[in-house]
Amino acid sequence: MRVIAVLILLLTSLIVIPSAPAAAEATQPIKVSITQLRCASPCRNEGLEGAGESAPDFYAKITIGSQTVTTPRAPDNQDMVSPSNWFLAQDVSTSVVDLPVSILIMDYDDGTPDDVADASPRPGDATLRFTINMINGVAKGDVTGSLGCATGNGEPGGGVFGDDPQPPVTLCWQIEPQPTTDTDGDGLTDYAERRGLDFDNDKVIDLPLSDYSPDPLRRDLFVEIDWMQNDEPSTAVLNAVEQAFSAAPITNAKTGRTGLSLNLVKNEQVPTVDPLIFGDGRGPGALDDFDDLKVGTKACGDSTTDAAVGHFGTRRERTSTACAQILDFKRRWFRYGLFAHRQASDFTSSGVAELDPGTAITGSNDFAVTLGGWNAAMITNVGGRDKAEIGTLMHELGHTLGLRHGGGDDVNCKPNYLSVMNYPLQFATATADPDRPLDYSTDALDPLVEDAGLDEQRQLSVPRAGNRRIVYGVGGAVRVGRANQPIDWSGTGAPFDTNATADINTLTSYTGAQGCVTAVPKQTLNGFDDWANLAYTFTSSRFFADGVHGNLQEMTGEDVLRMTSADLKATKTVDRADAIPGDELAYTVTATNKGPATATEVAITDGEETRAVADLPAQQSATERFTATIPCSTADGTKIVNTARVTGKPEQDGTLGDNTATATTTVHAPVLTLTKTATPSAGAAEPVTFTLTYSNTGSAPATGATVTDVLPQGLYYSQGSAQQVTRNGDGTTTLRWTPGAVPAGATATITYTARTSLLATGGATVTNNATLGYGDAGGCAYADVAASATSTVTEQQPTRNPWLPTLWQLHRSLRTPELLARVQATDQRFDVSPADGVLSQSEADAALAVSALPYGLLRAQLMATYLNLADRRINASTRILSIGFDTVGDAARYAQRADDLVKQVKATTLLNEVNIGLIERY
């Protein structure tokens with residue numbers, strides 16, 4: 001058949017084919033075998049056979065779907081047979097779910113019709129019938145297992161069964177593959193690999209695993225690949241890495257097939273997060289880290305409409321009713337790789353992966369390829385975008401398979417470790433090995449002992465390494481030798497030593513956190529066989545849980561360019577980590593050339609100022625000092641991040657990542673707040689208590705704090721803590737307090753009492769406003785803050801019994817301090833001996849005294865009116881019957897303004913009528 005296929009292929013290659021043929025339909029194998037058959041009732045000379053006919057001559061008809069096979073006859077005259085060739089094998093379309101199977105047992109009779117034996121336990125049918133669920137291999141019907149036996153019930157002769165009886169037989173079977181069959185031993189059943197998984201047993205595939213092209217004869221590895229905009233890997237990239245695994249020198253112990261079946265499954269584009277955080281400690285809120293993209297805050301749903309849904313799994317899988325079961329399965333079987341733009345930890349890091357730092361080889365499940373930060377020179381240096389992605393993908397995937405930068409250890413840049421996990425071989429570069437195969441190491445090469453153990457007259461390890469290039473370091477510089485030739489490990493030339501000492505894995509151009517820049521002399525460098533030590537599973541890894549990744553740093557774009565470039569680095573410090581507005585900051589900026597070439601045309605720029613610096617040889621530095629003043633408008637808590645930059649030549653774009661440096665100062669400013677409360681309601685001229693509360697919510701002390709409260713006309717300041725009280729010409733009163741310094745976090749209150757006028761009527765409101773001004777120790781002044789409070793005047797039912805001045809003069813004891821205070825708040829003209837803000841009894845006596853003068857008479861009546869209002873005998877709103885005046889309040893205000901004899905006489909008469917209760921109308 002193979003020869004025929006080859007001939008057909010050769011012939012078709014000579015023919016112009018107008019269109020591509022349709023793809024072959026996917027199938028899965030099934031095999032039904034009869035392992036034993038025996039009579040279940042006497043069948044020798046009776047039953048299946050007549051008298052004198054001995055035992056039956058059995059054969060069977062096996063039907064699967066529409067295909068039937070008639071088995072060879074068993075040896076003649078046997079009560080029981082155990083055939084080895086009674087089976088039907090068939091490749092069944094993967095569109096079939098329930099596959100019908102039937103087995104009919106026959107007895108061959110020479111010259112007469114063959115007899116039928118009953119193999120079915122069901123009455124009325126001699127054929128054993130069942131179905132096989134081609135999703136999970138479960139059999140149902142007369143057969144319920146992949147191994148077992150069934151016995152027919154025996155059908156009598158006559159009637160619908162014809163004249164001959166159908167005696168029972170016992171038939172034993174085997175169905176292959178069984179539900180648990182795992183041919184390649186990778187943990188996935190053949191049914192799962194051929195079809196997929198039906199989690200709810202509704203005979204509908206919930207996870208069509210066959211879409212991911214597993215190989216039932218080789219171990220399968222699955223990796224879901226997502227990408228950000230402009231970072232999508234090409235099919236060629238994925239195919240190259242899959243082919244490297246397919247060619248792996250691994251033989252499946254169960255099937256004999258070589259290689260591994262790597263399935264790099266392209267899924268979807270995810271939102272661009274630049275830079276991407278990959279590490280432990282997933283932060284809340286912003287979409288900024290690996291786990292925000294992979295798992296989100298919920299696993300199931302439509303991520304195209306709900307940003308909380310992660311992107312692990314396909315959109316169909318995430319929106320499936322079986323989403324939870326699908327993603328639970330994929331979490332245990334699928335690694336997740338993200339082609340992202342840049343990493344927050346290092347913008348030009350080529351990638352990142354989970355790698356357990358312990359000594360055991362442990363798999364993991366998450367990694368990222370991050371080449372978006374590489375410029376054209378970096379990409380060109382490693383052979384183009386595809387090659388950059390291929391090498392990085394193979395490298396980071398290797399970490400998830402338990403491989404370190406030294407294979408089984410973290411000793412990087414080992415000359416005897418020929419693997420893409422080794423930094424010099426991650427990419428095929430001109431300075432290392434432009435012809436390196438895309439491969440993990442296939443053997444553990446001999447150890448290299450740096451301490452007097454390097455034989456420069458001996459080949460490295462032939463034939464295992466063949467003619468491979470060997471990358472090593474001499475004084476940190478890259479050297480290249482051949483595995484099948486002696487190597488000058490020390491770089492001293494002839495005569496070559498047999499026991500040289502040299503640090504051969506220090507390469508200063510590879511400066512990643514797992515790199516080779518730090519010299520560690522006198523090590524023993526061990527080879528390692530990667531393919532033989534892969535960790536296929538990862539569920540036991542401490543990084544299996546989402547949100548736990550570790551902190552592995554990888555080769556950067558600068559690493560691939562640094563070999564022939566000056567490499568300037570900026571560092572910057574500030575003299576004050578904490579300051580207040582108005583302070584001057586002093587910045588120190590240092591430019592250092594990390595080499596290896598001398599930097600020329602060096603300049604240091606801080607803000608808008610640029611200063612030229614002398615040429616810097618490798619490892620040399622230059623320092624400049626700059627100053628800046630913090631603006632008074634800078635808010636409390638602001639972090640002033642000042643950036644400096646160094647430039648020079650020759651320096652590659654890929655090495656500019658550390659050419660800028662920042663210094664941060666946290667600004668501490670005072671932030672004062674002011675609130676004000678007042679007694680919500682009080683009767684006319686009753687005390688209203690105002691409380692001012694000021695707080696410094698900032699992180700620096702305030703200076704020169706001043707509180708100013710302006711009482712409106714009609715509101716009288718009676719007592720309190722004001723340090724300055726100013727009675728203004730417009731009837732307002734200005735109160736002032738000067739607390740001065742207010743420490744950060746401090747809170748204080750100011751309380752004072754004011755009274756409305758007795759002439760205020762019920763429902764009237766009075767509002768007053770306060771302001772707070774302040775500054776800081778840096779000389780800055782801040783905008784005033786303001787607060788206000790309102791109180792409402794209430795009114796009670798008057799007793800309707802006003803007194804004349806004489807009665808108030810006689811009843812001195814009824815003129816309580818509270819009544820006098822109410823009068824004082826209404827009219828301060830009686831406070832004369834001395835004018836101390838308090839109306840005394842003697843001052844009230846003087847006002848009530850009998851006088852022959854018109855003004856004296858008016859004063860007595862006005863005082864009596866005030867006392868009647870204060871004692872709630874009448875109210876300002878009490879109506880009066882008098883031409884031109886509606887209320888007692890109108891009459892009192894007229895009396896207050898009476899400034900000539902005629903008005904004084906009129907006012908005296910009017911108030912006298914009020915005080916004797918003549919004109920009030922209640």
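Visitor: Hi! Which cysteine does Cys-413 join in a disulfide?
Guide: Cys-413 is joined to Cys-516, with an S to S distance of 1.8 Å. Keep in mind that this is a predicted model.

Visitor: Where do those two sit in the chain?
Guide: They link distant parts of the chain, 103 residues apart. Cys-413 lies in the loop between helix H8 and helix H9, while Cys-516 lies in the loop between strand S19 and strand S20.

Visitor: And is Cys-516 buried or exposed?
Guide: Cys-516 has 4% relative accessibility, so it counts as buried. Cys-413 is buried too, with a relative accessible area of 0%.

Visitor: OK, zooming out. How many disulfides are there in the whole structure?
Guide: A search finds five. Counting bonded cysteines along the chain, the pattern is 1-2, 3-4, 5-6, 7-8, 9-10.

Visitor: What does Cys-149 pair with?
Guide: Its partner is Cys-172, at 1.9 Å from S to S. Here Cys-149 belongs to strand S10 and Cys-172 to strand S11, 23 residues apart.

Visitor: Is Cys-149 buried or partly exposed?
Guide: Its relative accessibility is 47%, so Cys-149 counts as partly exposed. Cys-172, at 6%, counts as buried.

Visitor: New topic: what about Cys-39?
Guide: A disulfide connects Cys-39 with Cys-43, S to S 1.8 Å. Both of these cysteines are buried.

Visitor: Why is that disulfide of Cys-39 and Cys-43 called right-handed?
Guide: The torsion about its S-S bond is about 90 degrees, so the disulfide of Cys-39 and Cys-43 is right-handed. For Cys-413 and Cys-516 the torsion is about 80 degrees, so that disulfide is right-handed as well.

Note on methods. Residues numbered from 1 in each chain as written. Predicted model: local features only at pLDDT ≥ 70, side-chain atom pairs only at ≥ 80, totals over all residues. Heavy atoms only, no water. Disulfide = S-S within 2.5 Å. Buried < 20%, exposed > 50% of the residue type's maximum accessible area, 1.4 Å probe, protein only. Helix = DSSP H or I, 4+ residues; strand = E, 2+ residues; numbered from the N terminus.
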